[in-house]
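Let's take a walk through this fold together, starting with the whole chain and then stopping at a few spots along the way. Have the viewer open and follow along.

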Amino acid sequence: MRSYLRLEIRRAFRNPAGMILLTGFPLALYLLWTKVLTVVPQEQRADFAAFSMVSMATYGAMGGALFIGGAIALERSKGWSRQLAVTPLPPHGYVVAKLVSGMTGVLPSIFVVLAAGAVLGGVRLSLWTWPALVVLIWLGVMPFAALGIAFGYTLRGQAANLAMMGVYFGLSVLGGLWLPVQAMPAGLRALAEYSPAYQAGSLGWRMLDGRWPTGTGVGVLVAWTLLFAALGMWRYRRAL
């Protein structure tokens with residue numbers, strides 16, 4: 001189990017295309033919003049730079065967590081999971097290794113976007129706020145890792161990636177990571193506030209003001225995590 005986990009973690013960091021997509025794209029969007037486009041008036045740019053920094057760090061980490069399922073679906077289509085079934089690796093070991101390696105792989109996206117906010121965006125926060133943001137953003141995207149596993153055991157090959165891409169962008173927009181929820185119509189705003197992407201982003205947005213997560217926000221994230229984990233477990237058992 002430990003050997004296979006080490007292998008998966010090394011593989012996660014040896015995928016340059018994936019690292020560029022999940023790190024470079026959120027970084028490029030952050031620089032676009034804060035350095036190229038005039039999105040807010042001059043007097044609001046400092047606050048917007050911090051808000052957008054958290055949004056794009058969450059967006060990148062969310063994609064890294066969700067696309068755990070893409071690797072599972074691709075390897076299932078190639079018969080890799082069947083080959084592992086005849087090894088001493090326990091049946092759940094493959095899923096656990098994918099989950100741990102995937103959640104480890106989201107950290108570069110968080111670090112790069114936060115570093116860009118500090119160095120290029122002029123974001124200034126208290127010293128303890130930076131590590132708190134890393135932890136909160138990382139924890140906030142766990143529901144998407146569970147959802148990715150469910151996708152991986154439901155679809156195969158490129159079909160899983162296409163489906164997850166649609167879900168990824170849809171939840172990102174609905175959750176206010178691209179457009180602030182306050183700018184949405186009232187009905188859509190009420191729906192957005194119970195989405196996992198919005199609550200994941202809220203963990204970091206609140207921390208910018210020195211506020212800890214609310215019980216409601218944590219409860220919504222836990223509920224989504226449990227729901228997606230149950231779906232993933234059901235699909236995993238069906239696939240065995």
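Helices (H or I, at least four residues) and strands (E, at least two) are DSSP runs here, numbered from the N terminus. Read that way, the elements of the chain run α-α-α-α-α-α-α-α-α-α-α-α-α from the N terminus on. The radius of gyration, taken over C-alpha atoms with a globule rule of 2.2 Å times the number of residues to the power 0.38, is 18 Å, close to the 18 Å that the rule gives for 240 residues, so the chain is as compact as a globular protein of that length. The tally is 13 helices and 0 strands.

A word on ground rules. This is a predicted model, where local features need pLDDT of at least 70 and side-chain atom pairs count only at pLDDT 80 or more, while totals for chains, interfaces and linings use all residues. Residues are numbered from 1 along each chain as its sequence is written, and side-chain values use heavy atoms, leaving out hydrogens and water.

Along the principal axes, the C-alpha atoms fill a box of roughly 60 × 35 × 30 Å. How much of the chain is buried? Taking buried as under 20% relative accessible area, exposed as over 50% and partly exposed as in between (1.4 Å probe, protein chains only), 46% of the 240 residues count as buried.

Now zoom in on helix H2 (residues 16–36), where you'll find Thr 34. Thr 34 counts as buried because its relative accessibility is 18%. Setting aside residues up to four places away in sequence, Thr 34 touches Phe 48, Ala 49 and Ser 52. A polar atom of the Thr 34 side chain also lies 2.7 Å from the backbone oxygen of Tyr 30.

Next comes helix H4 (residues 68–77), which is mostly covered, with 7 of its 10 residues buried. Those are Ile 68, Gly 69, Gly 70, Ile 72, Ala 73, Glu 75 and Arg 76. Just after H4, look for Gly 79, which takes a positive phi of about 85 degrees.

Last stop: Val 119, in helix H7 (residues 107–119). Is Val 119 buried or exposed? Val 119 is exposed, with a relative accessible area of 66%.

Technical notes:
A polar contact is a pair of N or O atoms within 3.5 Å; within protein, one must be able to donate a hydrogen and the other to accept it, and residues adjacent in sequence count only if both atoms are side-chain atoms. Contact means heavy atoms within 4.5 Å.
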